Amino acid sequence: MDQFSVRRFAYATGALVAVLITGMVGYRYMLGEGWIESFYRSMVTISLTGIDTKPQSAGGEIVTILLILAGMAIYGYLASALVELIAHGVLTGAMAERRRRRVIERMSDHYIICGYGRVGRQVEAEFRDAGVPVVVLDFNPNVLEIAREEEVPYIEGSGTNDEDLHEAGLDRARGLLASSDSDVDNLYITVSARALRPDLLIVARASTEDAAAKMLRAGADRVVQPYTSAGQEMAKLMLKPQVSAFLDIVSRHGGPDLRFEEIEITDDCPQAGRTIRETRVRHDTGALIVALKKADGTFDTTPNPDAELNPGDVLIAVGTAQELKALEELFAPSAGSDGGGAAVARRDGTGTGSAGAGGEAVAG
């Protein structure tokens, strides 16, 4: 219906131009006036503003009458087409579209969600709770309508198309999630994104082990299998309910107490080269270091207090918002540094109190 309204408006505009040119030619040959005078007379007549002088011939009068009638008909048609455009939201929709694209063009360090189905919408909800900017990339009109209603920035297109990825700000993005319902699409999205941005963090969705292996080979950093994860979670809830309850407490966004935080150690971090014990994290901030990822990619899930923190290592800590803020300050760049420092990526979690004493022994 919107396309029909736009087409009607275009037809009316074209008819107006055609009648204007016809009137100019008619006056030129009926009255012998110059082209400029003929165009002026045609414009004045068809705009229904009146005639400067009465034509001096019957032919000129006939042309004037026809132009007035045509102008009245065209203006009426234009008015109805314009009202229909407004009523159907075409004009307001176009303005909203421009505003949405401007918002996306100004984004940086955001995440692109390719596929806004049930999984994609849950991802977006988690990011929204964490205050993380996202852009949705999908071509399904139904899910795009949901994104529009929820005021989520989106691009109508496919993650398998390089132009659509660029339009979603791939060159400025921090990460991409391939969350389509199709393993084939997610594989192509991964290949395309990795080719365009070798340094991009990519998390993909897969329904089978075989598809997951292919996505990892295609360049995905991590692959999530929702069906497998759901089965494992249900089994854990039955076999280890208290462990599952604790993990649920500290892994959900938006909670009032416990939160996770990642801190990357860089060259100008004042704690670089020191051991966990020497940083006095627990004593000075109250936060706990629960894991340490070394620069070579290995994980130490029970870091020794005498473990040395080197540039490229990533600390994973847990604590309250106030404790984690103090932790950020402890690992902030040295005074006078020209940039860099500790790169922080926070994950909020819920909880009803601080972590147990076991974490004290871990953090040192």
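Q: What should I know about the model before reading numbers off it?
A: It is predicted: local features need pLDDT of at least 70, side-chain atom pairs count only at pLDDT 80 or more, and totals for chains, interfaces and linings use all residues. Residues are numbered from 1 along each chain as its sequence is written, and side-chain values use heavy atoms, with hydrogens and water left out.

Q: What is the mean pLDDT of the protein chain?
A: The mean is 78. pLDDT is the predictor's confidence in each residue, from 0 to 100. Of the residues, 75% reach 70 or more.

Q: Where is the pLDDT below 50?
A: Over residues 338–364. Beyond near neighbours in sequence, that stretch has 80 contacts in the model. Contact means heavy atoms within 4.5 Å.

Q: Switching to cysteines. How many disulfides?
A: The count is 0, taking a disulfide as a pair of cysteine sulfur atoms within 2.5 Å.

Q: Is Cys114 buried or exposed?
A: Cys114 is buried, at 2% relative accessible area. Buried means under 20%, exposed over 50%, partly exposed in between (1.4 Å probe, protein chains only). Cys269 is buried as well, at 4%.

Q: Rings next. How many aromatic pairs?
A: The structure has 1 aromatic pair. Tyr111 and Phe127 form a tilted pair, 5.1 Å centre to centre with 40 degrees between the planes. The rule takes rings of Phe, Tyr and Trp (its six-membered ring) with centres within 6.5 Å; planes under 30 degrees apart are stacked, over 60 edge-to-face, the rest tilted.

Q: Which elements hold Tyr111 and Phe127?
A: Tyr111 is in strand S1 (residues 111–114) and Phe127 in helix H5 (residues 118–130), so the pair ties together parts 16 residues apart in sequence. Helices (H or I, at least four residues) and strands (E, at least two) are DSSP runs, numbered from the N terminus. Tyr111 is buried at 17%, and Phe127 is buried at 18%.

Q: What sits over the ring of Tyr154?
A: The charged end of Arg100, 3.8 Å from the ring centre. The test is NZ of Lys or CZ of Arg within 6 Å of the ring centre and within 35 degrees of the ring normal.

Q: Last one, Thr285. Where is it?
A: Thr285 is in helix H13 (residues 281–285). Thr285 is buried, at 11%.

Q: What does the side chain of Thr285 reach?
A: The backbone oxygen of Val281, at 2.6 Å. A polar atom of the Thr285 side chain also lies 3.1 Å from the backbone nitrogen of Ala287.

Q: And further along the sequence?
A: Leaving aside neighbours within four places, Thr285 contacts Arg280, Glu323, Ala326, Leu327 and Leu330.

Definitions and conventions: Polar contact = N/O pair within 3.5 Å; in protein donor to acceptor, adjacent residues only side chain to side chain.
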